[in-house]
Amino acid sequence: MRKKKLWTSLALAGFLVTSSVSALEPLKKVRIAYPDNTICCLPLIAALQWKIFEANGLQAEIIQVRSQIAYPALSSGEVQYVAGVGPASVSATLRGMPSRAVWFATEELIYSLMARPEFQNVKDLRNKKIGLTGIGGTSHVSLQVALEAAGENPKNFVYIGLGGSQQLPALEAGTIEAALLSPPALYFAKKRGFRDLLDVGSRVKMPLGGLTVMVSTLRNRADELKRVIKSLQSAKQEILKSREKSVALTSSFLKLDRDVAEDTYVVYRKTVSGNGVPTHDGIDQIIKSLQAAGQFTDRKVAFEEVADDRIAREVARELGYKVP
């Protein structure tokens with residue numbers, strides 16, 4: 001009963017996209033949850049649309065859901081993979097979910113705190129409503145850390161969870177006074193006269209996006225996991241190599257005009273470099289951000305408690321990266 005209920009929630013929360021099935025040989029079916037239609041999920045969409053999953057023997061079904069639903073679904077087995085590594089996934093692991101971060105999508109945040117024009121500085125936003133894509137996730141935790149780094153008490157602000165597509169309309173309507181935005185919404189906000197009050201990405205260094213799996217998947221389905229990671233990393237390589245194709249994908253996936261898609265792609269290239277192997281520094285930054293937000297302050301967390309880089313290392317070597 002519980003399982004049926006959870007899957008109903010999943011279906012209501014997002015949408016399904018399925019890669020076409022090869023008529024020649026059966027493909028291994030995998031289900032991957034992802035948080036939002038944002039730039040950090042570009043390798044996942046590329047691997048699907050460019051048939052890279054199929055080239056690696058996989059039939060990928062992706063479903064868009066918020067992290068509050070994705071990680072319970074991962075734990076119950078209703079999805080096998082979550083396309084995300086950040087405070088929400090690491091927090092779930094530290095709270096007892098037997099999961100690990102196994103691949104990094106990007107190595108740098110691209111967030112800025114955009115406010116209505118009447119607000120001159122961050123101090124003016126005290127006790128005002130700030131829109132975020134998810135409470136407890138990367139956007140929420142990173143903003144709290146950045147506010148503290150800017151000399152503000154994060155408790156002096158009101159955080160509102162909104163879907164990515166809802167933030168800019170809410171800002172324009174005055175429902176919220178500010179929003180934490182990433183490209184392309186960040187560009188639209190600047191063009192419409194909203195004020196950039198805080199560059200969060202420059203103050204908080206942590207990965208954005210990746211892949212989280214259950215420990216049981218690492219143990220019992222290592223070959224399948226390797227093919228998933230290889231598909232995502234290969235898609236990332238192709239994005240970096242093929243500007244024209246990638247700009248077109250960015251435009252269609254994020255529903256952008258060509259010029260905005262090009263600007264978004266340029267920013268993405270700066271953050272996406274890397275072999276995909278989870279780093280100790282990246283995980284440390286996530287843990288520090290959680291602790292800065294008041295979570296797990298009594299714990300010293302080892303890399304191995306929340307991440308496993310072995311398969312990502314294998315894939316990186318096979319794809320020609322130099323891995324220590």
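Me: Which residue just after α5 takes a positive phi?
Reply: In this predicted model, the residue is Gly96, whose phi is about 120°.

Me: How many residues of α5 are buried?
Reply: A residue is called buried when its relative accessible area is under 20%. By that cut-off, eight of the eight residues of α5 are buried, and the helix is mostly covered. They are Pro87, Ala88, Ser89, Val90, Ser91, Ala92, Thr93 and Leu94.

Me: What do the buried residues of α5 pack against?
Reply: Their partners are both helices and strands: α4 (67–76), α6 (138–149), α14 and α15 (303–306), together with β5 (99–104) and β11 (210–214).

Me: At what angle do α5 and α14 pack?
Reply: Angles from 65 to 115 degrees count as roughly perpendicular. Helix α5, residues 87–94, and helix α14, residues 280–292, pack at about 80°, and their axes lie 10 Å apart. The two helices are therefore roughly perpendicular to each other.

Me: Which residues make the contact of α5 with α14?
Reply: On the α5 side they are Pro87, Val90 and Ser91, and on the α14 side Ile286, Ile287, Ser289 and Leu290.

Me: What span does helix α12 reach from its first C-alpha to its last?
Reply: The span of a helix can be set against the value expected at 1.5 Å a residue. Helix α12 covers residues 243–254, twelve in number, and reaches 16 Å, close to the 16 Å expected.

Me: Which residues of α12 are buried?
Reply: The buried residues are Ser246, Val247, Leu249, Thr250, Phe253 and Leu254. They cover an arc of only 160° around the axis, which puts them on the same side of α12. The elements that cover them include α2 (42–49), α11 (222–241) and α13 (258–272).

Me: Where is Lys51, and what is its phi?
Reply: Lys51 lies in the loop between α2 and α3 (52–55). Its phi is positive, near 60°, and Lys51 is likewise a residue other than glycine. Its relative accessibility is 43%, so Lys51 counts as partly exposed.

Me: Is the peptide bond from Pro183 to Pro184 cis or trans?
Reply: The angle to read for a peptide bond is omega. Here omega is near 5°, and the bond from Pro183 to Pro184 is cis. Pro184 itself is placed in the loop between β9 (178–181) and α8 (185–191).

Me: Where is Asp196 found, and with which residues is Asp196 in contact?
Reply: Asp196 is found in strand β10, which covers residues 195–199. It is partly exposed, having a relative accessible area of 34%. Apart from neighbours within four places in sequence, Asp196 is in contact with Ser112, Leu113, Met114 and Lys190.

Me: How many residues apart in sequence are Asp196 and Glu61, and how many Å apart in space?
Reply: A pair of residues can be described by two separations, one in sequence and one in space. For Asp196 and Glu61 these are 135 residues in sequence and 37 Å from C-alpha to C-alpha.

Key:
Residues are numbered from 1 along each chain as its sequence is written. This is a predicted model: local features need pLDDT of at least 70, side-chain atom pairs count only at pLDDT 80 or more; totals for chains, interfaces and linings use all residues. Side-chain values use heavy atoms; hydrogens and water are left out. Helices (H or I, at least four residues) and strands (E, at least two) are DSSP runs, numbered from the N terminus. The expected span of a helix is 1.5 Å times one less than its number of residues. Buried means under 20% relative accessible area, exposed over 50%, partly exposed in between (1.4 Å probe, protein chains only). The arc is that of the directions from the helix axis to the C-beta atoms. Contact means heavy atoms within 4.5 Å. Axes are lines fitted to C-alpha atoms, for helices over the stretch in contact, and angles run from 0 to 180 degrees between N-to-C directions. Angles under 35 degrees count as roughly parallel, over 145 as roughly antiparallel, 65 to 115 as roughly perpendicular and the rest as oblique.
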